[in-house]
Amino acid sequence: MLNKKITLLFFIFSIIVAAQKTDERFKNRIKLLKQQDNYSEYIYVHLDEFAKNPSIENLSIFKSVQSNLWRVSSNKKESTALLYFYVNYAFQLKQFGFINQSILQYENAYAVYTKNHLSNYNIIEYCLKPLANNYTRLGDVDRAEDILKITIDKAQKKNKTNQLIAGYSNLAIVYRTKGAYTNAVTYLKLGLKLSNNSQIKSRLHSDLAINYLFLDNIEQAKKDIQLSIKLNIENEVSISTRNFITLGNCFFSEKQFDTALITFKKALKLAKIVFGKNNREVAKIYNQIAAVYKEQQQYKKALSTYQKSLSTLFPKYNPVSEFEDPLATYFYSENTIKEALDGRATIFIQLNNYEKALKNYDLAFKVEDKLRVTYLTQNAKLIQQQENRNRSENCIELCYEMYQKMNNSDWIEKGFQYAEQSKSVVLLEEKETSFLKSIIKKDSLFDVEESLNLKKTQLNKSIVIEELKGENASIKLLANFIEQRNEISNELQLLNQKIQLKYPILKVQKNSLITFKEIEAKLLLNNELFIEFFDGKRNIYVFSVSKGKPKNLEKIKKDDRFNLLVSEFLNLFSDSRGTDLQNNVPKYTTLGFKLFIKLFNFKLNKNTIIVPDGIFSFIPFDALITEETTITNFEKLPYLINEISISYAYSAAILLQKNKIIETKNDTFIGFFPVFEDNHRNLSELNYTLQEAKSIENTIDGNFLLKANASKSNFNKYAEDYSIIHLSTHASAGDFYVPPAIEFYNETLYLPEIYGYNLQTDLLVLSACETGLGTLRKGEGAMSLARGFSYAGVKNLLVSLWKVNDKSTEKLISDFYINYKKSGNKAGALHNSKLSYIDNKTISASKKSPYYWASFVYIGDVTSIDDKDFRFVWIFIVGIVLIMGYFLLKNVKFGRNT
């Protein structure tokens with residue numbers, strides 16, 4: 001027995017010694033290769049070393065290469081070795097679930113390939129396809145779409161049929177992720193036409209079935225599943241797994257829950273074979289099984305199955321019961337995690353355990369935060385923001401129920417925080433990042449980033465313009481633009497990595513939760529009332545905060561009756577000449593009063609800040625009617641503007657963020673007045689624009705660029721140098737296909753291009769049509785020109801909600817500047833200019849319709865620094881008067897009056 005133990009110890013010792021010798025030989029070899037300046041072999045030796053034991057621990061071999069490469073590659077042989085290194089590193093990171101890091105290494109690989117023109121390498125198969133799949137998996141579908149369109153273009157040029165089919169198939173996945181199921185079907189059918197291979201056709205029919213399921217065409221989905229099974233002659237397990245999952249979902253849609261459960265369990269068994277027990281695909285199936293149990297009201301089984309999903313994703317997570325929640329320290333950027341947490345939350349709601357439900361929703365939001373930092377494009381973040389809305393509404397609803405039950409205002413504040421977390425987060429992040437950069441010393445990296453962002457936005461504009469041509473669009477030109485954008489995105493991704501490493505402070509995390517105490521202390525300086533709307537699918541929630549008063553939360557059921565009230569009211573303002581409103585005054589006053597009563601079931605303060613949401617972003621609150629009336633004279637109607645002064649904001653967090661910014665000391669003004677005489681560029685002449693310019697010039701000094709001088713090139717040249725920018729021109733809100741745009745004398749400025757500007761403007765006045773309108777993105781607001789300029793750095797804005805009349809606009813805007821110069825208060829200046837317009841005896845009663853004056857709204861700070869200075873002066877004067885009065889009275893009393 002002793003001999004056996006000695007033998008075993010000797011064997012173990014021999015292995016250790018051999019390993020040490022091997023390790024020593026490896027170190028000596030790479031040291032020698034470095035001394036010989038053998039760049040390529042140095043890389044290949046490390047790759048061979050990792051291949052001996054591909055494990056998470058041995059990923060350090062790749063890190064070692066990255067940190068110890070002593071120079072850049074100097075020829076194609078060395079560049080090829082570097083390309084192999086990055087591709088292998090990216091692949092291994094993907095295998096072990098490190099998707100973010102994998103993306104960066106694939107981006108490095110693509111940069112090496114393009115800069116060194118390594119045409120002999122299959123960049124599509126080994127780099128672009130997996131890179132696009134990584135972006136799709138994280139939800140950054142715009143970046144994935146660009147990459148896949150490039151792979152398709154390259155495959156077409158090289159006549160690589162299989163690569164082309166793969167490109168179509170992967171692009172279909174991107175479109176499916178975006179919810180564009182019809183587009184996905186189109187590309188999958190293109191792939192079917194090209195393929196003669198049964199296995200490929202089986203895969204394509206399997207994907208078609210998934211899309212038909214989403215299109216609610218269950219019968220067609222089942223037909224494609226049968227075709228896929230028939231064509232799967234090699235019995236490929238991954239295809240069979242996917243078909244069982246889709247078939248299970250078909251049964252689930254048909255409420256055949258027992259059959260769905262059997263089918264999902266078959267899929268689970270196969271998935272463990274093909275993917276392994278700790279793969280996300282296995283976790284997804286557990287989520288689907290749990291959803292079936294939930295529908296069957298087997299809540300304990302459902303919770304237990306969700307735990308299996310989470311344990312699959314977190315191998316170290318071993319819950320003792322189905323009620324235990326995972327620690328946030330386990331989390332990483334993976335959609336399947338939040339699916340499981342959201343599922344658990346809905347079950348706890350059914351069990352009336354609202355606090356436990358909120359805990360799981362909170363954990364799901366933490367996963368969203370992990371995902372957000374991986375996104376490169378604004379649109380990817382916007383899509384995520386929209387997806388979050390249902391969870392936000394569920395949370396607010398739970399808080400409302402808890403408040404009703406416990407009468408504890410803490411639940412109002414918690415509900416408000418969920419509403420805030422869903423408001424203009426993408427815009428806030430950009431403003432926070434810009435602010436942080438402004439306090440860092442100037443760095444050339446930021447200059448390069450700004451230049452690349454500008455190029456990217458210009459390409460975005462070029463792509464939009466070309467796509468607007470429809471069938472006449474140049475496919476070749478579009479492909480070229482997309483390739484250029486892809487290369488710039490690649491550069492931006494790698495540059496962003498450098499910036500993050502150098503300045504970790506710039507990695508903006510989600511802000512700490514906004515409290516009512518902060519709002520009262522920092523925003524409600526003049527006894528303002530703060531109102532925030534949340535426009536959900538089922539209900540509207542209205543939060544209100546006023547200094548020293550109880551907090552309030554109102555819930556409005558969003559039924560057909562209410563929706564009709566809102567749409568009919570807004571429709572009165574949609575006519576381009578205001579005739580609908582003019583001809584239906586009784587209808588307007590009735591609707592305006594009903595909407596006022598519905599929205600404001602509480603007392604309003606003289607100064608009110610409103611954070612609108614959803615459809616409420618388009619409502620002219622000033623024009624609501626505060627009491628029932630039979631008056632039809634527009635001048636005498638009981639408008640809300642007669643009682644309160646309103647300013648608007650994108651969110652409380654953005655208002656608080658603005659307080660950090662150092663105000664500009666002087667109001668330096670520049671105005672652009674293109675006029676478009678003789679219908680220049682087929683744009684109607686703005687007859688009152690020159691008069692507007694002259695009126696403003698009589699009030700405020702500045703640079704007034706008229707007619708041809710009001711060019712886009714001059715805007716680009718001068719805009720950053722002025723604190724007030726005035727644009728008196730044509731503009732449009734766009735639609736689903738055409739982005740919002742504003743016109744200069746020589747050229748159109750589209751919304752995608754505005755995102756590339758870096759403006760430090762205190763006030764932008766958009767004296768044009770529809771500048772506050774745009775496609776509504778739930779959670780972020782209208783994708784309007786106003787938001788675009790705010791994203792570009794503008795602090796405060798004056799914008800319009802519909803097509804404005806240029807004569808009434810001239811009067812309103814001229815008075816705005818007169819009032820602003822007097823008080824320094826932007827919100828008050830606009831409020832008073834509207835009241836002056838209504839009271840103006842030279843304007844006919846018919847022209848005092850709200851159509852002419854209610855369009856313009858102010859978005860921004862309630863009190864400017866100038867206004868504070870203005871108040872201080874008056875306080876000082878009043879103080880002096882009181883002191884003098886005191887001494888005067890004292891002298892009179894004692895007979896000292898002379």
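A residue counts as buried under 20% relative accessible area, as exposed over 50%, and as partly exposed in between (1.4 Å probe, protein chains only). Glutamate 107 counts as buried because its relative accessibility is 0%. The model is predicted, so local features need pLDDT of at least 70 and side-chain atom pairs count only at pLDDT 80 or more, while totals for chains, interfaces and linings use all residues. Residues are numbered from 1 along each chain as its sequence is written, and side-chain values use heavy atoms, without hydrogens and water.

Glutamate 107 lies in helix α5 (residues 99-116). Helices here are DSSP runs (H or I, at least four residues), as are strands (E, at least two), numbered from the N terminus. The side chain of glutamate 107 makes a polar contact with that of tyrosine 135, at 2.6 Å. Such a contact is a pair of N or O atoms within 3.5 Å; within protein, one must be able to donate a hydrogen and the other to accept it, and residues adjacent in sequence count only if both atoms are side-chain atoms. Residues up to four places away in sequence aside, glutamate 107 touches Leu131, Tyr135, Arg143, Asn490, Gln493 and Leu494. Contact means heavy atoms within 4.5 Å.

On the scale of the protein, there are 35 helices and 16 strands. Buried residues account for 53% of the 898 residues. Of the contacts between residues at least 6 apart in sequence, 70% join residues at least 24 apart.
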